[in-house]
Structure formats: structure tokens, C-alpha cells
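Q: Hey, I'm new to this one. Can you walk me through it?

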Amino acid sequence: MTTLAVRYTAARTLDTASAESSPPGPGEVEVAPAYVGICGTDLHIFHGDMDARVSAPAVIGHEMSGRIVRVGPDVEGWQAGDAVTVMPLRWDDTCPACRAGHQHVCQRLDFIGIDSPGAMQQRWTVPASTLIRLPDSLSLDRAALVEPTAVAVHDVGRAGVRDGEKVVVVGGGPVGVLIALVARAAGAEVRVVELSAHRRLLAEELGLTTWDPSATNVAERVRQWTGDAGADVAFEVSGAAAGMDTAVEVLGVRGRLCLVAIHPQYREVNLHRFFWRELTLIGARLYDRSDFEQAVALVADGTIPAERLISKVVPLAEAPSAFEALEAGGNVMKILVDCTDDAQGVAV
């Protein structure tokens, strides 16, 4: 079968090319991706920032939903037609991190869609061990947001957010809004700090309170909101130096700062603030299976209104232009790539 795939070929260059689909091997399944989300990591790849890991030409994409089309030998519990998403992690189970039970941060981790071929294609072969079952009631376009929701679930869990705590999310992009929604579902009071008026409006339509850091003193607003105590938890999701400064500044005594964004450059951090208030810095990367399963439940029951976060759906052949639209910013939150056969045809 000849199919289509989106490939990264060089910095700021994507193409669509034909690919041959072969039967899945032992322990593998072949999936027909339905929808694939474009995320910040994909944009980093597009910019050429991850060429040390990505071997061009490379099929990218890891936020997905789809259905199984073929099952390889020795695979049990799955059959053609099952709706699935994929937890795109392959670990070695032998490194110190894996032996300590932290397989999701394996020291030789294969992040599928970065280190090996991803989902932005019409047929995709993956290990059966990576599959996460989707309920039949969940539409596949909404299900494409399970992976970023799993990121948010993991982040909120790492930060130990508790009922009644006051939480500041710095950065109101897709992951920031998802973190805010998951934290709210955990019982926290949440404020989102975001420069973009469009993103603030969307967050407010979802019932979240937002602040524009260009128009208000965020630290002073937090002081008033918390009765001079400071926030219990701050999530840094902006990836900007100013965002890091804000996240540190808003925290109260023994507050926790959860670092979510990828900061490609070294940052100056107010360590005196960490000393003076006994703050804690927490790294949060990826997710595990329980995070994914909770994310499925949150999207399926509407706690995460996934459909409200989808700005646009484009056919696979138009994926390169979708990257450019996301890069330009504006009134865009999440773009999905429609990989279904009827969107652009498959030659058999």
C-alpha cells in the first residue's frame, strides 16, 4: 500500500511524500492515524533546533488518535478497528532511570515522533505496548488532545496540587490552558498569565481567570488575591525569561515552581528568592501510562473541552502551511492534521 507522510527534511522545510506500508512485525500493530496535533516540540523540530536528535528526512508528530488496521504476531487484546492513541515512548528497561521505576525518563529514551518515525502519516507501525484504548463514545478529533492532556496531568501531579491551593500558570498556550483546567479539576483556584488577547479570551470562555502581564503587575495581583501569602504553586509554561521571573516572584513561602516549558537557553534565576522563601523547583517531563489513562477520562467526560481548543483542521497535504500558521501566532491555539484516507486518498 502506498500512503502519504509529512517529513521534516531541513530547517524550516517540510514535504509530503509517498511511503510504503509493510505488515507489522511481532509485538507491533499498524495504525491508521486519524488526527495528529502540531505541538511546540514539532515547531522546535521545524525550526531546526532538534537536528541533533532528528535524522532527516523524518516523519514527525506524536499527538494522535486513530484506529488499528493490522495486528502483528504475538499481539493479544487488540484487533483491527479498535480506537487508540499512542503513548509515544520506547524505553530500554536497563538504564538506571528505568531500574528505579522511571521508564518515562529513560536515559536512552526513544521518543517516537522525534527519535523515530512519528504519526503524521496515513499508516504508522508502533509497538503494541504503546497503545492506549479510547472509548467508542470519544470522537477521534477530540481524542487527538489526549497526549497534551496527559502532559498536563503529569505536571499537576508532579507539582502535588491540592484542593484549595492557589495556582498561577504562566503561559496560556494549549499546554498552559490544559494545566489550568486539570489543576482546577483537582480543586485549585487558578490564574493564567498570558500576553495574547486571543488566548486570554479563550481561557476566559472556559471559565478561567486571566491576567495580561503587559497591563498589570502580576506579583501585586497575586499578593492581593492571596492576602499577601503568595501562590502555592506556579507553572512556567511560557519558555520566556520574563515568564520564569514571574513564576518565581509570585510564589509564597515554601511554594513549588513546576518547570514545564523547554528553555533552550540558560536563564538567570533569582536564587535568593528560593533561599529566602524556601521554594522548591520541580522538573516535569512527559508522562506515564496512568497519566494517559486519566487524560482519556478527562477528555471523554468533558472536563477537558477539547473541541474548544481546536482552532483548525487541515488535510495532511497542507500540514507544511499549518506549521507556518502556528509559527505566525495570531488567533491559533491547536491545529490538527487530518490523516484519514478520505481526506486525501490512499492508493492501494
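**Chat notes**

Q: What do the buried residues of α7 pack against?
A: Before the details, this is a predicted model. The buried residues of α7 pack against β11 (166-170), β12 (189-193), β13 (209-211), β14 (231-236) and α8 (241-249).

Q: And which residues of α7 are the buried ones?
A: In α7, which covers residues 218-225, they are V218, V222 and W225. Looking down the axis of α7, these fall within an arc of 65°, so they line one face of the helix.

Q: What's going on at the start of α7?
A: N217 has a side-chain oxygen that comes to within 3.2 Å of the backbone nitrogen of A219. Past the other end, just after α7, G227 has a positive phi of about 65°.

Q: Where does T226 sit?
A: T226 is in the loop between α7 and β14.

Q: Buried or exposed, that T226?
A: T226 counts as buried, because its relative accessibility is 13% and the cut-off for buried is under 20%.

Q: What does the side chain of T226 reach?
A: The backbone nitrogen of G230, at 2.8 Å. A polar atom of the T226 side chain also lies 2.8 Å from the backbone oxygen of V222. Not counting residues up to four places away in sequence, T226 touches K166 and A231.

Q: What does L195 touch?
A: Leaving out residues up to four places away in sequence, L195 touches R200, D212, P213 and S214.

Q: How far are the C-alpha atoms of L195 and T226 separated?
A: By 22 Å, with the two residues 31 apart along the chain.

Q: OK, α6 then. Which residues are buried in it?
A: R200, L202 and A203 are buried in α6, which runs over residues 197-205. Those residues cover an arc of only 165° around the axis, which puts them on the same side of α6.

Q: What do they pack against?
A: The buried residues of α6 pack against α5 (174-185), β13 and α11 (306-309).

Q: What happens at the start of α6?
A: A side-chain oxygen of S196 gets to within 3.3 Å of the backbone nitrogen of H198. Just after α6, G207 takes a positive phi of about 90°.

Q: New topic: how many residues are in the largest nonpolar core?
A: The largest nonpolar core has 99 residues. L131, V161, V169, F235 and Y287 have the most contacts inside that core. Apart from it there is another core, of 17 residues, with V170, V193, W211 and A234 among them.

Q: Which residues is F235 in contact with?
A: Setting aside neighbours within four places in sequence, the contacts of F235 include D155, V156, A159, V161, V167, I179, C258 and V260.

Q: How many aromatic pairs are there?
A: The count is four aromatic pairs. For F46 and F323, the ring centres are 5.5 Å apart and the planes are at 50°, so that pair is tilted. F46 lies in α1 (residues 40-46) and F323 in α12 (residues 319-328), so the pair ties together parts that are 277 residues apart in sequence.

Q: What about Y287 and F292, what kind of aromatic pair is that?
A: Edge-to-face, at 4.9 Å centre to centre with 90° between the planes. Both Y287 and F292 are buried.

Q: What sits over the ring of W78?
A: The charged end of R133, 4.0 Å from the ring centre.

Q: Back to α12. Which residues are buried there?
A: A319, P320, A322, F323 and L326. Down the axis of α12, they fall within an arc of 160°, so they line one face of the helix.

Q: And what covers them?
A: The cover for the buried residues of α12 includes β1 (2-10), β2 (13-20), α1, β17 (310-315) and β18 (334-338). After α12 comes G329, with a positive phi near 75°.

Definitions and conventions. Residues are numbered from 1 along each chain as its sequence is written. This is a predicted model: local features need pLDDT of at least 70, side-chain atom pairs count only at pLDDT 80 or more; totals for chains, interfaces and linings use all residues. Side-chain values use heavy atoms; hydrogens and water are left out. Buried means under 20% relative accessible area, exposed over 50%, partly exposed in between (1.4 Å probe, protein chains only). Helices (H or I, at least four residues) and strands (E, at least two) are DSSP runs, numbered from the N terminus. The arc is that of the directions from the helix axis to the C-beta atoms. Contact means heavy atoms within 4.5 Å. A polar contact is a pair of N or O atoms within 3.5 Å; within protein, one must be able to donate a hydrogen and the other to accept it, and residues adjacent in sequence count only if both atoms are side-chain atoms. A nonpolar core is a set of buried Ala, Val, Leu, Ile, Met, Phe, Trp, Tyr and Cys residues joined through side-chain atoms within 4.5 Å. Rings of Phe, Tyr and Trp (its six-membered ring) pair if their centres lie within 6.5 Å; planes under 30 degrees apart count as stacked, over 60 as edge-to-face and the rest as tilted. A charge sits over a ring if NZ of Lys or CZ of Arg is within 6 Å of the ring centre and within 35 degrees of the ring normal.
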